[in-house]
Amino acid sequence: MMGDIYRNQRAMRAMRQTAIQKGVIAVLDVGTSKITCLILVLDENMDAANDEGIGNLAGQEKFRVIGAATTRSRGVEFGETTVLRETERAIRTAVQAAQKMAQCRVDHVMACASGGRPRSYGLAGQVQVEREVVTESDVANVLASCDIPEYGADREILHAQPVNFVLDHRTGLTDPRNHIGQRLACDMHMLTADRAPIGNLVHCVRRCDLELAGLAVSSYVSGISALVEDEQELGSACIDMGGGTTGISIFLKRHMIYADAVRLGGEHVTHDIAMGFKVPMNVAERIKTFHGGVVATGMDDRDMIEIDRESDNWDRERRAVSRAELIGIMRPRVEEILEAVRERLDAAGFEHLPSQQIVLTGGASQVPGIDSLAARILGQQVRIGHPMRVRGLPQAVTGTAFSSAVGLSLLAAHPQDECWDFELPYDFRAARPLRRAVKWFQVNW
Amino acid sequence: MRQIRDPAPSRLEYRMKRLMLRPSMRPFRRYGIPVIALAVLAGLWAGDEVRRENAVAFIAELPNKIGERPEIIVRMMTVEGASPELAAKIRESLSIDFPVSPFDLRLAELKEKVQALDAVASVSLQVRSKGVLVVDVDEREPVAVWRSDDGLVLIDTTGYRVAALPSRVSRPDLPLVAGVGADAAILEALQLYDVARPIRDRLRGFIRVGERRWDVVLDRGQTIKLPETQAVTAFKRVIELDVAQDLLERDVSVVDFRNSQRPVLRLGQTAIGTFYDGRATGLNDDG
């Protein structure tokens, strides 16, 4: 039963290992508004600390970005693929451009998805240690002993990470192996998502002749790249403000302990602008990125923005709106998004964490003044999180919009322990051929 | 609104690009594609019959065009290192119509032609600047006149035939040799000729006998027979005898030095008569 749950993940892990052996892997961030593809060269012996700002502590070393491409996303809504063929084309565009830049063919890809209504579960398990020293099989046993809740038949497990180990009365162990004790307990964080969008994404990647070497939730990977080490350790929330969804991930003791997503994003803001000013979406997007803001000042009343509507401008009409009007349209929507995030954080019990740092990242966090607005809604400790510096990353791909792509490449180079990385306990290995043969002999002789 | 082309590659294009990026395709991308492209271009160009014929004609015409240029065309020939007669002979044998394109001159054939002349030891032909064909000849020097069945012939130190000679009188300065194999031993004959300096006014010539030894023939029918080996030494002794005792002035028809230990004289008719007369009268009889 349990082996069946993790079968896909084990297959992807095997793919990732072949990719690491080959040394080249691609990461693919399929978002609502854009698709980013990075191609990484993994090299264990790459020497660290030659480039400024690249250290060996944060896991930035041991890989280098050799290809990067971004293209407009198509057929994706709320981070979920709705038109498979269009999404496949967009992925092809991004992968081909990145391959062209890298001058290298890539076969294995790690993808992250922001949609699929991610939901977190905290699991607990407990076993007696077989001998007095905790071994790897004990760890596997305790992970297997976690009782998996009914998460729904149409959902898929994306992450199942051991967060904390308790040995007798000692808690907060990250690695209990070789410790001495009798009773081993663990806390596991499990993340599920809707099967259909995940399956669609997998299908699109397969259609591009690529092998999937891993799947991650984008709020988790943007947390990896946008949060600094202290924030991950002491507790913080990463708000990944994307185009169609706003992902939330809470980190404590360097582990993700909670993840969620709000199905609101920057495209809703664009949509509001398009409706409010009666302009096409591309014009609205342009106005938003060039003139947008959320905090109005007196100056903004006099700051007029020219709107030239190309598509229906038969009489060469020229129209101008003040920036204050634009802010008046954008601010309520951004507030709504942040309020929704606040609700989710409250539901998750974020206020109980020792530190309550909030890091905004993602494309929509580039709106000027959003940090002060967020500070009023989410709490005082708010900052804009840029992704970590990574060797070889082009300047154009270093903005906040690319934190999930960068985080995914960090994850590719330094995978987090997942539940399925541990060998299954004996009970679940009955299907092994040798064991089956032994059993056959026992039965028949 | 402006029409925007779909930036997405088609599935086929995507697959082709990925195929091309395989590491094994790298040499093909580097060499194969340019070669194929060039071949295709050349093939397309040469597909037209007329164009191909024009190209062939142009290429065939090209050497002539170049060869007729004043910087390159060959206008004259000079012969160096040859006597005027030989030079005339060379010009006659080559018989080139100037001006001529250097591409039409086959120097190897011309060289063979010149080499075929007897009087030429070696030759080198060069087309030098300003359109001059230089024939640099190393001429054979005649050192002796050889009388054989084919008549009088001039030969050089290697015994090679230089030219035919109409009569002995035209080259009185050279020694006369005769007999089969005289040309092969001409160096020895020349040494003998050198030794014969005191009696050169009486010398008629050298005869090779049986291809192994020399006879020196003087006027008045005198013959000096020399040995096969060390003929020069023997001949020197004869000359010394002549200088000391006027050996050859006397009526001796043959001085036989074939055996140096035992030279033999054959007397002339008069001398024999005198000898016998003297014997009969006891003039010369000591006893």
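**View 1. The loop that holds Asp168(A), between strands E8 and E9 of chain A.** In this predicted model, the loop joining strand E8 (155-167) to strand E9 (170-173) of chain A includes Asp168(A). Although Asp168(A) is not a glycine, its phi is positive, at about 55 degrees. Asp168(A) counts as partly exposed, since 13 other C-beta atoms lie within 10 Å.

**View 2. The loop that holds Arg220(B), between strands E9 and E10 of chain B.** Arg220(B) is placed in the loop that runs between strand E9 (213-218) and strand E10 (223-225) of chain B, and its phi is positive, at about 60 degrees, although Arg220(B) is not a glycine. With 12 other C-beta atoms within 10 Å, Arg220(B) is exposed.

**View 3. Helix H11 of chain A and its buried residues.** Helix H11 (residues 370-378) of chain A has Ile370(A), Ala374(A) and Leu378(A) as its buried residues. When H11(A) is seen down its axis, these buried residues fall within an arc of 45 degrees, and they therefore line one face of the helix. The exposed residues Ser372(A) and Arg376(A) are carried on the face of H11(A) that is turned away from the buried side. The partners against which the buried residues of H11(A) pack are helix H10 (323-348), strand E17 (357-361) and strand E18 (382-384) of chain A. After H11(A) comes Gly379(A), which has a positive phi near 130 degrees.

**View 4. The largest nonpolar core and the surroundings of Ala111(A).** The largest nonpolar core has 116 residues, of which Ala26(A), Val27(A), Leu38(A), Ile91(A), Ala98(A), Val109(A) and Ala111(A) touch the most other members. H10(A) supplies the largest share of this core, with 9 residues. If residues up to four places away in sequence are not counted, Ala111(A) touches Leu28(A), Val30(A), Leu201(A), Val205(A), Leu212(A) and Leu215(A). Another core, of 41 residues, lies apart from the largest one and has Val153(B), Ala189(B), Phe206(B) and Val255(B) among its residues. In soluble globular proteins, nonpolar side chains tend to be buried together.

**View 5. The contact between chain A and chain B.** Chain A brings 12 residues to this contact, and chain B brings 10 residues. On the side of chain A that touches chain B, helix H3 (residues 84-102) of chain A gives the most, with 6 residues. Sorted by class, that side of chain A consists of 2 nonpolar, 5 polar and 5 charged residues.

Definitions and conventions. Residues numbered from 1 in each chain as written. Chains lettered and ligands numbered in written order. Predicted model: local features only at pLDDT ≥ 70, side-chain atom pairs only at ≥ 80, totals over all residues. Contact = placed C-beta atoms within 7 Å. Helix = DSSP H or I, 4+ residues; strand = E, 2+ residues; numbered from the N terminus. Nonpolar A, V, L, I, M, F, W, Y, C, P; charged D, E, K, R; others polar. Buried ≥ 20, exposed ≤ 12 C-beta atoms within 10 Å, placed from the backbone. Arc of directions from axis to C-beta. Core = buried A, V, L, I, M, F, W, Y, C linked by C-beta atoms within 7 Å.
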